[in-house]
Amino acid sequence: MMGVDEEKSEGEGKVWSLCRMPKLWQMSSGNGNGSSSSSSSSMGNNNVYQQTPSSERSAVTSSNAFFSMAKSLLPARRRLRLDPSNKLYFPYEPGKQVRSAIDIKNTSKSHVAFKFQTTAPKSCYMRPPEGILGPGESLIATVFKFVEPPENNEKSMEKKSRVKFKIMSLKVKGETDYVPELFEEQKDEVTVEQILLVVFLDPERSCPALEKLKRQLAEAEAALESRKKPQEETGPRIVGEGLVIDEWKERRERYLAKQQVEGVAPT
């Protein structure tokens, strides 16, 4: 009987061990230590929730600072395409005023204002010095420079110019008229497109850069001449004190006058 009771007690112990509730459940439903543990756990959670906003704010601040620094390190987005891209070629003719040319094209989807600057405004100027280009619009700007004679025993073609040119751009609203204040009022939005260096070419020696310069100068002169010509009149002409003459009426009068000269009565 003793062996049976021992086996029975061992079997019951095994059953109870299988039916024991998990420790987490005991902590949440018990009255004793379980309740104190749950209260301490909830207090810990409250502390976590109280600390979360400040940690999130610090994380957001640090991330913003990181993105700002990364943005400052990235190159500015170009709005203009320049040809030549970073140089201005001039024929080397000491004591004379020479010309260079650069093709400026707006590659953005908005209107863009551009502006030239130079380190030698007394001996250099640009035509046009500024303007506004529509999306996809382009023009060839002409740059004028006075070439100083070489000093002492300096060879002519070894003379290097310290003059530099800078082209800046600014996104503007469509159909905006250019005014000099644009770049001052929105200087935070201004992009420096390129710093252009001066390169002298031998005018007596043919090279691809010199031939390209000649073509660009010819195109710039042709565009300038076309802008100087008055636009063709498509509407009725204005004569004298604003008298509007209808084209068909004028033709009719010339026809009647011709008929009278020829002695034919008009019909």
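Start by selecting lysine 96, which sits in the loop between S2 and S3 (strands here are DSSP E runs of at least two residues, numbered from the N terminus). A housekeeping note before going further: this is a predicted model, where local features need pLDDT of at least 70, side-chain atom pairs count only at pLDDT 80 or more, and totals for chains, interfaces and linings use all residues. Residues are numbered from 1 along each chain as its sequence is written, and side-chain values use heavy atoms, leaving out hydrogens and water.

Back to lysine 96: its relative accessible area is 48%, so it counts as partly exposed (buried is under 20%, exposed over 50%, partly exposed in between, with a 1.4 Å probe and protein chains only). Contacts of lysine 96, setting aside neighbours within four places in sequence, are Lys145, Phe146 and Val147 (heavy atoms within 4.5 Å).

Next, jump to threonine 142 in strand S7. Is it buried or exposed? Threonine 142 is buried, at 2% relative accessibility. Beyond its neighbours within four places in sequence, threonine 142 touches Arg99, Ser100, Tyr125, Met126, Arg127, Leu217 and Ala220.

Time for the nonpolar core (buried Ala, Val, Leu, Ile, Met, Phe, Trp, Tyr and Cys residues joined through side-chain atoms within 4.5 Å). The largest one has 24 residues, and Leu80, Ile102, Ile104, Phe116, Phe165 and Ile167 have the most contacts inside it. Among the elements giving it two or more residues are strands S1 (80–83), S3 (97–106) and S8 (164–172). A second, separate core has six residues, including Ala113, Met168, Val172 and Leu182.

Zoom in on leucine 80: past its neighbours within four places in sequence, its contacts include Ile104, Val112, Phe114, Leu133 and Ile167.

Select Arg77, Arg78, Arg79, Lys109, Lys171, Asp188 and Glu189, which are among the lining residues. By class, the lining has one nonpolar, four polar and seven charged residues (Asp, Glu, Lys and Arg count as charged; Ala, Val, Leu, Ile, Met, Phe, Trp, Tyr, Cys and Pro as nonpolar; the others, Gly among them, as polar).

Conventions
1 Å grid on protein atoms, 1.4 Å probe; cavity = no way out; pocket = protein on both sides within 12 Å on 5 of 7 lines; lining within 4 Å. Helix = DSSP H or I, 4+ residues; strand = E, 2+ residues; numbered from the N terminus.
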